[in-house]
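Let's take a look at this model, from the overall fold down to its aromatic rings. Here are the sequence and the structure.

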Amino acid sequence: MELRLLVLAGALALPAACATGAAGQATLHEIASLVVSIGQHGEGMGTGNITDMSAQLDQQVAATPDDPYVLKLAAQSRRALSDYSQDRAQRVHLRHTALAEFDRAITLSKPTDPARFIMLNGQESEVDFKDLATLRADLFNQVQTDR
């Protein structure tokens, strides 16, 4: 009887894992689109535009909150937004949120996880975790000097 339960559990877990993977890849592509928008329009963004972009990132992270690839890209996007923000409170909030996303991505990832590929400006780019700790440390140092 226990073997049947294990087989059933495995059979149910596989479609769930595939669905999560597909959702995560779709979310990753959505965030990649936001990365491109931030890169193209970031300097001209005002506080309201930055707030809107951050809300879009929130939606993407909420769609797959345990996907370290999504968390890494979201954190990098927030950091970029923070660099464009003229409002100190908004800048600090974005950086603290990005730190939390980096921390969560570090917790959920392994250095041996394979890279995922996304399109940025028509170029295929990979998202991996090789530089995750360094990105987090650089942002932490930036937060410390921001005070």
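## Burial and surface

A residue is called buried when its relative accessible area is under 20%, exposed when it is over 50%, and partly exposed in between, using a 1.4 Å probe and protein chains only. On that basis, 35% of the 147 residues in the protein chain are buried.

## Where the model comes from

This is a predicted model, where local features need pLDDT of at least 70, side-chain atom pairs count only at pLDDT 80 or more, and totals for chains, interfaces and linings use all residues. Numbering starts from 1 along each chain as its sequence is written, and side-chain values use heavy atoms, leaving out hydrogens and water.

## Fold

Five helices and two strands make up the elements of the protein chain, in the order α-α-α-α-β-β-α from the N terminus. These are DSSP runs: H or I with at least four residues for helices, E with at least two for strands.

Take the contacts (heavy atoms within 4.5 Å) with a separation of 6 or more: 72% of them join residues 24 or more positions apart.

## The aromatic pair

Rings of Phe, Tyr and Trp (its six-membered ring) pair if their centres lie within 6.5 Å; planes under 30 degrees apart are stacked, over 60 edge-to-face, and the rest tilted. That gives one aromatic pair here. Tyr69 and Phe129 have ring centres 4.5 Å apart and planes at 45°, so they count as tilted.

Tyr69 sits in helix H3 (residues 68-84) and Phe129 in the loop between strand S2 (123-127) and helix H5 (132-145), so the pair ties together parts 60 residues apart in sequence. Both partners are tucked away: Tyr69 is buried at 6% relative accessible area, and Phe129 is buried at 8%.
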